[in-house]
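The points begin with a definition and then turn to one residue and to the protein as a whole.

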Amino acid sequence: MPSVSTKGKNMPESPIRKLVPFAEKAYKANKTVYHLNIGQPDIKSPEIAMKAVSEHNLEVLAYTRSEGSEEYRKKISAYYHRNNIPAEANDIIVTTGGSEALLFAMGSIADVGDEIIIPEPFYANYNGFATASGISIVPVISKIEDNFALPPISEFEKLITPKTKAILICNPGNPTGYLYSKEEIQTLAEIVKKHDLFLVADEVYREFTYDGSKHYSILEEESLAQHGIIIDSVSKRYSMCGARIGCMVSRNKEVIATALKFAQARLSPPTFAQIASEAALETPQSYFDDVITEYQDRRNTLVKALKAIPGVTVGEPKGAFYCIVQLPVKNSDAFAQWLLEEFDDNGETIMVAPAAGFYSTQGVGLNQVRIAYVLNKESLIRAVEILKIALEKYKD
């Protein structure tokens, strides 16, 4: 019998999606499930984006350019300039989601066997992208006790080898909600310049910052013009996860030329989704003001409720819409499955994402979960109430 590839066997399961079959069984048992496990915003997509698709006048749904339509890339460039990011249209490759941008970036800067250093916990699919690309992730651990701040520079430097090609960060962070300061970005800039590495920044949550904090992009650092690569997406910014449109941005012309070859191999990003994404760039600032106010209120509601549960520790997010929560359990995978299979409170339960899948260091994060606060405040309050009751009943 033919066998599958070793690479395929090594591809990690998604800690976010692997519990879906158990959730489906819970639905069939007529349970209500509060989804705290996935970053699918409940905010409406901008009306202007939806109208752009419904009112199109295309007669042929044709290919676009492999790097994305020129008009769209020019508008993305204008958006970046408004955010003090000096990126021109030719510095941008439109991709099928931020996921493809990450694959293009990894394929453009690293060969099989090379290494990328990533502060953990990190977006779980970085593991999958690295495995698919034949790249090794070298983790540097950030701790919930430090609210997942950037580890000391010495921790990075002791991990750098001749195979190290880049440092990858998510800012603001998924799954931690941590927002890197300007000073931390400048610290990373010094490391990558000193060791001639790339700095890849997943900035898809750029707009989602709280308490008056401001996002500082790596490309605001002029010294990173040849070192910096931004990963971006419309998914969260405009609540358009299903559009599957993102982009890769770099002022390094060789990197962009290399990534374009990967883009040509998959032909082009989807046409309708680009139309929607281009229109979304005209979304008024009032939309974002309302969204940020809503998410900040949700964060405050969630964190306050979680802190009231005995034995629970929570990292306080300054951005994105996630937080890591440490629970008084031994194994959050088993707990998460139990919540769906065996537990309910008046016919209701919750679904969380076990956090071990957001680490590459074995045995770390076993008692942690990621919670996405993408539900309304009333639902979040009820979900935390259910969590409290579940913890009181659960036996490891």
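1. A contact means that heavy atoms lie within 4.5 Å. The model is predicted: local features need pLDDT of at least 70, side-chain atom pairs count only at pLDDT 80 or more, and totals for chains, interfaces and linings use all residues. Residues are numbered from 1 along each chain as its sequence is written, and side-chain values use heavy atoms, with hydrogens and water left out.

2. Which residues does H215 touch, not counting those up to four places away in sequence? They are N171, P172, L179, E203, R206, T209 and E220. H215 is located in the loop between β6 (198-202) and β7 (228-233); strands here are DSSP runs of E, at least two residues long, and helices are runs of H or I, at least four residues long, both numbered from the N terminus.

3. Is H215 buried or exposed? H215 is buried, as its relative accessible area is 14%; buried means under 20%, exposed over 50%, and partly exposed in between, with a 1.4 Å probe and protein chains only. A polar atom of the H215 side chain lies 3.1 Å from the backbone oxygen of N171.

4. Turning to the whole protein, there are 13 helices and 13 strands. The radius of gyration is 21 Å, close to the 21 Å given by the globule rule for 396 residues, so the protein is as compact as a globular protein of that length. This radius is taken over C-alpha atoms, and the rule is 2.2 Å times the number of residues to the power 0.38.

5. Of the 396 residues in the protein, 56% are buried.

Technical notes. A polar contact is a pair of N or O atoms within 3.5 Å; within protein, one must be able to donate a hydrogen and the other to accept it, and residues adjacent in sequence count only if both atoms are side-chain atoms.
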